[in-house]
Amino acid sequence: MVFFFTSTCGGYTLYMGKDKYENEDLIKYGLPEDVWFHVDDMSSAHVYLRQKTGELLDDISPELMLDCCSLVKANSIAGCKMNTVYVIYTRWKNLKKTSRMVEGEVSYHRPQNVKRVKAEKNKPIVNGLNKTKVEDHPDLWQIQKDRECEMIEEKKADRKALIAVEREKEKQRKSGIRERRNERLKEDENIASTIERNKLENLRMSDDESLSGSEVSADSLGF
């Protein structure tokens, strides 16, 4: 059995297992968007926050963080009796499980990616979350598989979009090459035309000078 809660901060879903055995399933069948919370150095429930696709740990708002920390603190036998505890949290995919660990025990692939925050007792927030509490028996394996299929399709769509962008860039590159080639051809034609005009102008001036010289010669001979 899994307990689901709805945060008033953006409608995010928080969930946790009923006991340590169900925590094992949650550890095994999480999603990439899930963030795991646990009271540091104490026994507590494993509370998960399901973020929206593409969101980072730093995108968790202070209000949403308060919801998560208050809920996990309230579900710690020792922690719920204390005014202040520390809560650790990390991505679900950072959780590491080995065959030597007991039920509910986890380690981390990258300990440096585990964050720690102080949490104080907050009954109003816990009471508000408990009002949204829903008990369910979801097929965690199927949910994970469905998300994996979605991610495969998303990667295919991203790949197609990238290919389309690269093709458009190549098209524009080739178009630019043609335009520059045409500009050079036009420049060459203009240069050739200018040279031809200059030649004709020089020939005309030469003919005029020859004609003028002939007239002078005739005059000097008295014709």
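Tutor: We can start with tyrosine 15, which has a relative accessibility of 4% and counts as buried. Keep in mind that this is a predicted model.

Student: Why is tyrosine 15 called buried?

Tutor: Buried means under 20% relative accessible area. Tyrosine 15 has 4%, so the label applies.

Student: What makes phenylalanine 4 partly exposed?

Tutor: Its relative accessible area is 21%. Partly exposed covers what lies between buried, under 20%, and exposed, over 50%. Phenylalanine 4, at 21%, is therefore partly exposed.

Student: Why is the pair of phenylalanine 4 and tyrosine 15 called tilted?

Tutor: The ring centres are 5.8 Å apart, and rings pair if their centres lie within 6.5 Å. The planes stand at 35 degrees. Under 30 degrees would count as stacked and over 60 as edge-to-face, so this pair is tilted. Phenylalanine 4 belongs to strand S1 and tyrosine 15 to strand S2, 11 residues apart. Ring pairs also join Phe4, Tyr15 and Tyr48 into a cluster.

Student: What makes the pair of phenylalanine 37 and tyrosine 89 stacked?

Tutor: Their planes are 15 degrees apart, with 5.3 Å centre to centre. Phenylalanine 37 is in strand S3 and tyrosine 89 in strand S5, so the pair ties together parts 52 residues apart in sequence.

Student: Are phenylalanine 37 and tyrosine 89 buried or exposed?

Tutor: Phenylalanine 37 has a relative accessible area of 0%, and tyrosine 89 has 9%. The limit for buried is under 20%, so both residues are buried.

Student: Which residues touch the most other members of the largest nonpolar core?

Tutor: They are Phe37, Leu49 and Ile60, in a core of 26 residues. Helix H2 (62–74) is among the elements that give two or more residues to this core, and H2 gives the most, with 6 residues. Apart from this core lies another, of 13 residues, including Val2 and Tyr48.

Student: How do you know that S8 and S9 are edge strands?

Tutor: The open sheet has 7 strands in the order S8-S5-S3-S4-S2-S1-S9, with antiparallel pairing. Strand S8 (115–120) and strand S9 (134–136) each have a single partner strand, so one side of each has no neighbour in the sheet. From one strand to the next, the twist averages 30 degrees.

Student: What makes S3 and S4 a pair?

Tutor: Two strands pair if there are at least two bridges between them. S3 and S4 have 4 bridges, in the antiparallel sense. Valine 35 has leucine 49, in S4, as its bridge partner.

Student: Why does aspartate 41 count as exposed?

Tutor: Its relative accessibility is 75%. Exposed means over 50%, so aspartate 41 is exposed. Aspartate 41 is placed in the loop between S3 and S4, and its phi is near 60 degrees, a positive value in a residue other than glycine. Most residues other than glycine have a negative phi.

Student: How do you know that the charged end of arginine 116 sits over the ring of tyrosine 86?

Tutor: The charged end is 3.8 Å from the ring centre, and the distance limit is within 6 Å. A charge must also be within 35 degrees of the ring normal. Lysine 133 lies over the face of phenylalanine 3, at 4.2 Å from the ring centre.

Notes. Residues are numbered from 1 along each chain as its sequence is written. This is a predicted model: local features need pLDDT of at least 70, side-chain atom pairs count only at pLDDT 80 or more; totals for chains, interfaces and linings use all residues. Side-chain values use heavy atoms; hydrogens and water are left out. A nonpolar core is a set of buried Ala, Val, Leu, Ile, Met, Phe, Trp, Tyr and Cys residues joined through side-chain atoms within 4.5 Å. Buried means under 20% relative accessible area, exposed over 50%, partly exposed in between (1.4 Å probe, protein chains only). Axes are lines fitted to C-alpha atoms, for helices over the stretch in contact, and angles run from 0 to 180 degrees between N-to-C directions. Rings of Phe, Tyr and Trp (its six-membered ring) pair if their centres lie within 6.5 Å; planes under 30 degrees apart count as stacked, over 60 as edge-to-face and the rest as tilted.
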